[in-house]
There are 2 protein chains.
Amino acid sequence: MTQHTVKAYGDELDQLTAEVARMGGLAEAQVADAIDSVARRDVALGRSVVERDARLDALQREIEKKAIRLIALRQPVASDLRRTLSSMKLATDLERTGDLAKNIAKRGLILAEGDPMQPLTRSIERMGKLVSMRLRDVLDAYAAGEIERAVAVWNTDDEVDEHYNSLFRELLTYMMGDPRTIGACTHLLFMAKNLERIGDHATNIAETIYYEITGQEFTGERPRWNPDTAEDIPEPPADDA
Amino acid sequence: MTQHTVKAYGDELDQLTAEVARMGGLAEAQVADAIDSVARRDVALGRSVVERDARLDALQREIEKKAIRLIALRQPVASDLRRTLSSMKLATDLERTGDLAKNIAKRGLILAEGDPMQPLTRSIERMGKLVSMRLRDVLDAYAAGEIERAVAVWNTDDEVDEHYNSLFRELLTYMMGDPRTIGACTHLLFMAKNLERIGDHATNIAETIYYEITGQEFTGERPRWNPDTAEDIPEPPADDA
């Protein structure tokens with residue numbers, strides 16, 4: 001390999017990481033804007049979240065293509081291979097995160113046509129802020145290559161579940177109290193579920209960072225909802241549970 | 001490379017494909033059993049679906065490890081590399097499919113403690129059969145390497161969405177008619193959403209098969225829910241829309 005080739009190879013890897021980081025920034029903004037659009041009933045913002053999602057889809061395809069090309073032409077091994085494969089995994093999680101943000105914004109656009117649903121939308125906003133924070137933290141951990149920070153995000157997974165469960169009960173109570181709100185509450189219910197899923201993707205990202213840095217699979221047991229201790233209408237865990 | 005090494009390399013690739021196919025069979029069974037457990041209020045079956053999910057998680061980790069090892073040691077290119085990367089992608093979709101089946105079974109266990117929710121559970125069963133069929137078809141396409149069959153599954157994506165939307169309205173009407181059923185109906189609502197997501201994973205699998213065989217990205221436009229033509233309480237598309 002000539003010095004030039006070696007340099008270009010390193011550049012390609014750095015570029016891949018940089019694009020994942022960039023995609024992370026966009027996904028983080030999409031989630032924050034989606035939540036704001038719901039909380040403020042901001043139709044213009046909601047629409048722009050929906051439109052901007054295509055950008056994340058394109059970035060994911062680009063990152064995947066570059067990673068495959070890099071594997072085929074450079075045949076990376078060890079940490080370089082982990083870094084390349086991780087970039088594909090992270091891009092997938094970030095693309096899904098964007099999809100979920102888009103879906104939240106879409107539901108927000110529908111809710112904006114009806115009555116304000118406060119305090120319910122405030123509860124969504126609170127849960128949204130918590131999830132956004134976890135996403136931001138794990139992306140910081142990625143950018144800084146700080147494994148402890150990634151593990152810290154992983155360990156706070158249950159906070160989101162607790163938030164989701166109480167929000168779920170709040171919505172159920174509201175629906176039972178006023179059946180005319182069932183349609184709107186159903187959208188809020190799915191928004192909460194989408195936020196929970198975004199939290200799960202933050203957890204996946206933490207696991208991928210752990211793998212990329214250590215080469216080991218993260219073996220911790222993720223906190224789980226326990227059917228035996230569940231209340232009358234328990235909410236099973238996120239769909240990945 | 002000695003003849004032996006070459007043979008071993010081919011064996012490794014074949015084994016990877018075989019394990020993905022096996023994982024597909026298990027995921028297919030999990031989905032079918034989850035639906036049956038709900039339709040028949042079969043608690044024993046529901047519990048076994050929940051327990052068997054760990055098998056799929058283990059298989060995915062195994063397939064991923066083998067694929068990474070193969071890339072690192074064999075440095076496959078062209079169609080071999082596509083096949084290796086596809087096996088990782090397919091394993092991820094099948095693992096998620098298993099998670100969703102497990103979640104459906106968990107909700108079924110909760111519903112089994114309450115009143116029978118027919119005809120709603122029958123509607124879930126109908127949608128479940130449709131989704132199971134698509135999953136079976138796309139796995140057949142994978143086993144047979146038949147691209148047309150994979151594309152056919154891809155093209156019927158909207159059937160599931162239509163099914164979901166009518167089921168969504170049916171559940172909403174039911175809840176409004178009898179608010180005491182809201183808790184149970186919410187579980188059915190998430191079951192329907194989980195089935196829709198399983199349908200999306202079948203679509204992803206079809207796209208991965210297309211990529212593995214052709215080396216090209218599938219460029220067709222997926223049918224989408226259109227907010228402008230939506231009814232009063234429209235149901236936004238699957239969370240990936």
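Trainee: Leaving aside neighbours within four places in sequence, which residues is Leu85(B) in contact with?

Mentor: This is a predicted model, and the contacts are read from its heavy atoms. Once neighbours within four places in sequence are set aside, Leu85(B) has partners in both chains: Ile71(B) from chain B, and from chain A Ile68(A), Ile71(A), Leu85(A) and Met88(A).

Trainee: Which element gives the most residues to the largest nonpolar core?

Mentor: The largest nonpolar core holds 125 residues. Within this core, Leu85(B) is one of three members that touch the most others, together with Leu85(A) and Val138(A). The greatest contribution by an element is 15 residues, and it comes from α7(A).

Trainee: What share of the residues in chain A is buried?

Mentor: In soluble globular proteins, nonpolar side chains tend to be buried together. Chain A has 241 residues, and the cut-off for burial is a relative accessible area under 20%. The buried share of chain A is 55%.

Trainee: How many helices and how many strands does chain A have?

Mentor: Read from the N terminus, the elements of chain A run α-α-α-α-α-α-α. The count for chain A is therefore zero strands and seven helices.

Trainee: Among contacts in chain A between residues at least 6 apart in sequence, what percentage joins residues at least 24 apart?

Mentor: The contacts considered here link residues of chain A that are at least 6 apart in sequence. Of these, the part that joins residues at least 24 apart is 82%.

Trainee: Why is the pair of Tyr164(A) and Phe168(A) placed in its class of ring geometry, and which class is that?

Mentor: Over all chains, the structure holds three aromatic pairs. In one of them, the ring centres of Tyr164(A) and Phe168(A) are 6.2 Å apart, and the planes meet at 35 degrees. Planes under 30 degrees apart would count as stacked and those over 60 as edge-to-face, so the pair of Tyr164(A) and Phe168(A) is tilted.

Trainee: Where do Tyr164(A) and Phe168(A) lie, and is Tyr164(A) buried or exposed?

Mentor: Both residues belong to helix α6 (residues 157–177) of chain A, four residues apart, about one turn of the helix. The relative accessible area of Phe168(A) is 0%, so Phe168(A) is buried. Tyr164(A) also has a value of 0%, so Tyr164(A) is buried.

Trainee: What class of pair do Phe190(A) and Phe190(B) form?

Mentor: The pair crosses between chains, from helix α7 (residues 182–214) of chain A to helix α7 (residues 182–214) of chain B. Phe190(A) is buried because its relative accessibility is 1%, and Phe190(B) is buried with a value of 1%. The ring centres lie 5.3 Å apart and the planes are at 70 degrees, so the pair is edge-to-face.

Trainee: At what distance from the ring centre does Lys193(B) lie over the face of Phe190(A)?

Mentor: The ring of Phe190(B) has the charged end of Lys193(A) over it, 5.1 Å from its centre. For Lys193(B) over the face of Phe190(A), the distance from the ring centre is 5.1 Å.

Trainee: What is the phi of Gln75(A)?

Mentor: Gln75(A) is in the loop between α2 (43–74) and α3 of chain A. At 28% relative accessibility, Gln75(A) is partly exposed. It is a residue other than glycine with a positive phi, near 45 degrees.

Trainee: Over which residues of chain A does pLDDT stay under 50?

Mentor: The mean pLDDT of chain A is 89, and 88% of its residues reach 70 or more. Where pLDDT is low, the predicted coordinates should not be read in detail. The stretch of chain A with pLDDT under 50 has 58 contacts beyond four places in sequence in the model, and it covers residues 223–241.

Notes:
Residues are numbered from 1 along each chain as its sequence is written. Chains are lettered from A and ligands numbered from 1 in the order in which they are written. This is a predicted model: local features need pLDDT of at least 70, side-chain atom pairs count only at pLDDT 80 or more; totals for chains, interfaces and linings use all residues. Rings of Phe, Tyr and Trp (its six-membered ring) pair if their centres lie within 6.5 Å; planes under 30 degrees apart count as stacked, over 60 as edge-to-face and the rest as tilted. Helices (H or I, at least four residues) and strands (E, at least two) are DSSP runs, numbered from the N terminus. Buried means under 20% relative accessible area, exposed over 50%, partly exposed in between (1.4 Å probe, protein chains only). A charge sits over a ring if NZ of Lys or CZ of Arg is within 6 Å of the ring centre and within 35 degrees of the ring normal. pLDDT is the predictor's confidence in each residue, from 0 to 100. Contact means heavy atoms within 4.5 Å. A nonpolar core is a set of buried Ala, Val, Leu, Ile, Met, Phe, Trp, Tyr and Cys residues joined through side-chain atoms within 4.5 Å.
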